[in-house]
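Please look over the sequence and the structure shown below before reading on. The report that follows takes up the domains, the contact between them, the ligand and some details of the backbone.

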Amino acid sequence: MAKAIRFREVGGPEVLTLETVDLPDLGPGDVLLRQTAVGVNYIDTYQRSGLYALPLPSGLGLEAAGVVEAVGPGVSLVAVGQRVCYGTGPLGAYADRRVMPENTLLAIPDTITDTQAAGMMLRGMTVRYLIRQTFPVQSGMTVLLHAAAGGVGLIACQWLKHLGVTTIGTVGSDEKAALARAHGCSHVINYSTENFVERVREITGGQGVPVVYDGVGAAVFEGSLDCLQRRGMMVTFGNASGPVPPIAPALLSQKGSLFLTRPTLAHYTADRRELVDTANDLFAVVGNGAVKIDIGQTYALADAVKAHQDLAGRRTTGSTVLIP
Ligand SMILES: NC(=O)c1ccc[n+]([C@@H]2O[C@H](COP(=O)([O-])OP(=O)(O)OC[C@H]3O[C@@H](n4cnc5c(N)ncnc54)[C@H](OP(=O)(O)O)[C@@H]3O)[C@@H](O)[C@H]2O)c1
């Protein structure tokens, strides 16, 4: 048996309920985990609200850390007693125990706590592919990053600085501005009170930036195109303020022969080699202290409703973790 957060209909945070569920028998390649910390990510709110459709009833959550309690036939990647984590699902991480396929699991390095691991895998591997693969940054560049004090945001600020990149970050409050600055963001814009397009133009001497990393979506999409240099790249990777409406490709030509991509982590970690390479890069920058994992808030597993209210209400900073 396990305790798990489940939902039977889409809607607000209150659709999430804590239930007692049966665990399946371990098949080939299966691993039973006792989970000690569970990551809460913005995508969980899209799945709960119905923006991203799921078959219902359903569990929720794609990221957690814990200890291997038992292994099924043929498991070779992990062993009983080992500390492991994952950040790419499958769905159902909001639970105290669960069965996972071994090929999704990664050993947690000794220098990283379970809570840090649960707060960094999905967000940190996302930052890695965004800045190393989707648009590989180079030292000396200046880039624009939206929601710079969020979970993805604080990891990105630090990793970009480590790579010699100057970050212009947007945030929704003065407290978040101070936090982003403390994590290496050089220029912080409060987009609740300032026109971020004008400010980016000012900061870059009218040049604009070669890339915008945007997890905010609808509210900033069009303005972000106006922050780009000729042939710059718009990386729209999330919809915290709502999904980006369809656009005509001609708009990209009018605004400077821009590139537009809408990436997702699953397509950068689809096979085991890619997953391990991505995770190892993340473990390396966290291990050498270049990137610190800022757990802004933790909640009991039973308080997942409150965690979702705070995340969607813009009241969180850094990563959010549930403790089963
Ligand atoms: N495509 C991928 O592979 C991938 C992977 C991971 C995450 N993501 C996306 O990356 C984004 C960040 O994820 P996260 O988990 O780290 O969340 P987060 O950044 O910690 O939280 C979202 C932030 O978005 C900002 N925001 C702006 N307008 C908002 C609005 N109307 N409602 C709510 N928030 C608003 C808020 O910061 P301010 O108050 O400072 O504006 C809020 O704190 C999300 O869009 C997520 O879906 C995408």
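How many residue pairs are in polar contact between domain 1 and domain 2? The count is 19 residue pairs, with both residues of each pair at pLDDT 80 or more, and this confidence value is quoted because the structure is a predicted model rather than an experimental one, with side-chain atom pairs counted only at pLDDT 80 or more.

The chain is divided into two parts, of which domain 1 is made of residues 2-120 together with 269-323, while domain 2 covers residues 122-265. When the centres are taken over C-alpha atoms, domain 1 and domain 2 lie 26 Å apart. To the contact between them, domain 1 brings 34 residues and domain 2 brings 27 residues.

The area buried between domain 1 and domain 2 comes to about 2,300 Å², and carbon and sulfur atoms give 54% of this area. On the side of domain 1, the three residues Thr278, Asp281 and Arg314 supply 19% of the area that this domain buries against domain 2, which is more than any other three residues supply.

Across the interface of domain 1 and domain 2 there are three salt bridges, and the polar contacts between the two domains number 19 residue pairs, as given above. Several elements give two or more residues to the side of domain 1 that touches domain 2, namely strand E3 (30-40), helix H1 (42-49), helix H2 (114-134), helix H8 (272-287) and strand E16 (319-323). Of these, H8 gives the most, with seven residues. Sorted by class, this side of domain 1 has 15 nonpolar, 13 polar and six charged residues.

**Salt bridges**

The count for the model comes to 13 salt bridges. In one of them, Asp281 is paired with Arg128, and their closest N and O atoms are 2.9 Å apart. This pair links distant parts of the chain, since Asp281 belongs to helix H8 and Arg128 to helix H2, and the two are 153 residues apart. Another salt bridge joins the side chains of Arg123 and Glu63, with a distance of 2.9 Å from N to O.

**The ligand and its surroundings**

Which residues are closest to the ligand? The ligand is surrounded by 30 residues, and the closest of them are Tyr46, Tyr129, Lys176, Tyr191 and Gly215.

| Residue | Atom of the residue | Distance to a ligand oxygen atom |
|---|---|---|
| Tyr129 | N or O atom in the side chain | 2.7 Å |
| Val152 | polar backbone atom | 2.8 Å |
| Asn239 | polar backbone atom | 3.4 Å |

**Details of the backbone**

Arg231 has its place in strand E13, which covers residues 228-236.

Terms used:
Residues are numbered from 1 along each chain as its sequence is written. This is a predicted model: local features need pLDDT of at least 70, side-chain atom pairs count only at pLDDT 80 or more; totals for chains, interfaces and linings use all residues. Side-chain values use heavy atoms; hydrogens and water are left out. Domain bounds come from an automatic or database domain assignment. Contact means heavy atoms within 4.5 Å. Buried area is the accessible area (1.4 Å probe) that two parts lose on being put together, summed over both. A salt bridge is a side-chain nitrogen of Lys or Arg within 4 Å of a carboxyl oxygen of Asp or Glu. A polar contact is a pair of N or O atoms within 3.5 Å; within protein, one must be able to donate a hydrogen and the other to accept it, and residues adjacent in sequence count only if both atoms are side-chain atoms. Helices (H or I, at least four residues) and strands (E, at least two) are DSSP runs, numbered from the N terminus. Ala, Val, Leu, Ile, Met, Phe, Trp, Tyr, Cys and Pro count as nonpolar, Asp, Glu, Lys and Arg as charged, and the others, Gly among them, as polar. A residue is near a molecule or strand if one of its heavy atoms lies within 4 Å of it.
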